[in-house]
Amino acid sequence: MCEQAESVCFSLPAWLTDLAAGHDMLLAVEDRMSLVIEASRQNVRRKTGGPFAAGVFESENGRLVALGVNLVTVENLSMLHGEMVALALAQRKLRTWDLGQQGLPALEIVTSTEPCAMCLGGICWSGVTRVVSGATEADARGLGFDEGPKPEDWLLELRQRGIEVNSEVLRSEAVAVLDAYR
């Protein structure tokens, strides 16, 4: 455990590794989203964080690179949204801050809910080439989550940066987790 003011450390819940095991390659985007939604569901059920999760996958073959969950409340760090955790873990695992660098396969982030303003910025700078999201910003705001000052047409903003977007994948399943959190 990292307690020094000069360091930032966080720990993933032990159950997350078990959940990711056996999900090395998920060919269908719906299967990738199902894994991410299950991570968000378990995070709520086990009281290890908020109702959000994300995974970084190789786009072509669905190989899981990193799986993250929202750890804001348990780690007392506002930056630990599911997307930011998954991106940080992928960057550490691949030993690069640029997930789009030459020599790496195209990577995507699959997130249980549309990214907030902070996560949108992180995604833009991460190097991923695709975003797949489940629940919408309106779904999250409906629970009282502050999504921040995000561009109204965030989909267009990402597309103009060469990032493909596939939204509302398994939305009802993702919204069910938000409702359970309520």
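**Side-chain contacts**

Modeller: The side chains of E58 and R63 meet in a salt bridge, with 2.6 Å from N to O, where a salt bridge means a side-chain nitrogen of Lys or Arg within 4 Å of a carboxyl oxygen of Asp or Glu. This is a predicted model, in which local features need pLDDT of at least 70 and side-chain atom pairs count only at pLDDT 80 or more, while totals for chains, interfaces and linings use all residues. Residues are numbered from 1 along each chain as its sequence is written, and side-chain values use heavy atoms, with hydrogens and water left out.

Colleague: Is E58 buried or exposed?

Modeller: E58 counts as buried, because its relative accessibility is 11%, whereas R63 is partly exposed at 26%. Here buried means under 20% relative accessible area, exposed means over 50%, and partly exposed lies in between, with a 1.4 Å probe and protein chains only.

Colleague: How many salt bridges does the whole structure have?

Modeller: A search of the whole structure gives 11 salt bridges. Among them is the one between R141 and E137, whose closest N and O atoms are 2.8 Å apart. These two residues are four apart in helix α6, so about one helical turn separates them; helices are DSSP runs of H or I with at least four residues, strands are runs of E with at least two, and both are numbered from the N terminus. E137 counts as buried at 16%, while R141 is partly exposed at 38%.

Colleague: Which residues are linked in a network?

Modeller: R32, E108, R130 and E164 are linked in a network of salt bridges. There is also a salt bridge between R171 and E168, with the closest N and O atoms 3.4 Å apart; R171 is partly exposed at 31% relative accessibility, and E168 is partly exposed at 43%.

Colleague: Switching to cysteines, how many disulfides are there?

Modeller: The count comes to zero disulfides, a disulfide being a pair of cysteine sulfur atoms within 2.5 Å.

Colleague: Which residues form the aromatic cluster?

Modeller: F52, F145 and Y181 form one aromatic cluster. F52 is buried, at 11% relative accessible area, whereas F145 counts as partly exposed at 24%.

Colleague: Which ring does the charged end of K150 sit over?

Modeller: The charged end of K150 sits over the ring of W154, 4.5 Å from its centre; the criterion is NZ of Lys or CZ of Arg within 6 Å of the ring centre and within 35 degrees of the ring normal.

Note on methods: Rings of Phe, Tyr and Trp (its six-membered ring) pair if their centres lie within 6.5 Å; planes under 30 degrees apart count as stacked, over 60 as edge-to-face and the rest as tilted.
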